[in-house]
Amino acid sequence: MKIIDFSIKRPVTVSMIAVAVIIFGMVSAYRLPINLFPAISYPALSIETKYNGAAPLEVENLITKYMNS
C-alpha cells in the first residue's frame with residue numbers, strides 16, 4: 001500500500017518518473033542495433049551434363065530430366 005499512498009500523495013513525482021522511464025526506453029530502443037535483414041547466402045547447386053557430339057537441345061531433351069517439387 002505504500003506505493004499507492006505515495007502515488008496518490010505525489011502525482012507529479014510519479015508522472016515525472018514515468019516520463020523518465022519512457023524517455024530512457026526510447027533512447028535505448030534507438031541505440032539498440034537491430035538487423036532485420038541479415039546477410040544470408042543461399043546454397044547453390046550446379047549440374048553440368050556433357051555429351052560429346054550432341055547439340056544442347058538434344059542433351060536437354062534426351063538426357064536432362066526436370067524434377068518439379
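This is a predicted model: local features need pLDDT of at least 70, side-chain atom pairs count only at pLDDT 80 or more; totals for chains, interfaces and linings use all residues.

Let me start with the overall layout. The protein chain has three helices and zero strands. Read from the N terminus, the order of elements is α-α-α. The radius of gyration is 33 Å, while the globule rule gives 11 Å for 69 residues, so the protein chain is more spread out than a compact globule. The C-alpha trace spans about 95 × 25 × 15 Å along its principal axes.

Now the surface. Of the 69 residues, 1% count as buried. The protein chain exposes about 7,500 Å², and 65% of that area is supplied by carbon and sulfur atoms.

Next, the patch. Which residues form a nonpolar patch on the surface? They are L32, I34, L36 and F37, and together they have about 530 Å² of accessible area. Where in the chain does L32 sit? L32 is in the loop between α2, residues 11-31, and α3, residues 56-62. L36 is also placed in the loop between α2 and α3.

Is L36 buried or exposed? L36 has 67% relative accessibility, and the cut-off for exposed is over 50%, so L36 counts as exposed. For a sense of distance, take L36 and I23, which are 13 residues apart along the chain. Their C-alpha atoms are separated by 23 Å.

Last, the charge pair. Side chains of opposite charge can pair when their charged atoms come close. How many salt bridges does a search of the whole structure find? The search finds one. The partners are K50 and E48, and their closest N and O atoms are 3.7 Å apart. The cut-off here is 4 Å, so this pair qualifies as a salt bridge. Both K50 and E48 are exposed.

That is the end of my part.

Notes: Residues are numbered from 1 along each chain as its sequence is written. Side-chain values use heavy atoms; hydrogens and water are left out. A salt bridge is a side-chain nitrogen of Lys or Arg within 4 Å of a carboxyl oxygen of Asp or Glu. Buried means under 20% relative accessible area, exposed over 50%, partly exposed in between (1.4 Å probe, protein chains only). Patches are made of residues with over 30% relative accessible area and no salt bridge: like charges are joined within 9 Å, nonpolar side chains (Val, Leu, Ile, Met, Phe, Trp, Tyr) within 5 Å. Accessible areas come from the Shrake-Rupley method with a 1.4 Å probe; for residues, only the protein chains shown count as cover. Helices (H or I, at least four residues) and strands (E, at least two) are DSSP runs, numbered from the N terminus. The radius of gyration is taken over C-alpha atoms; the globule rule is 2.2 Å times the number of residues to the power 0.38.
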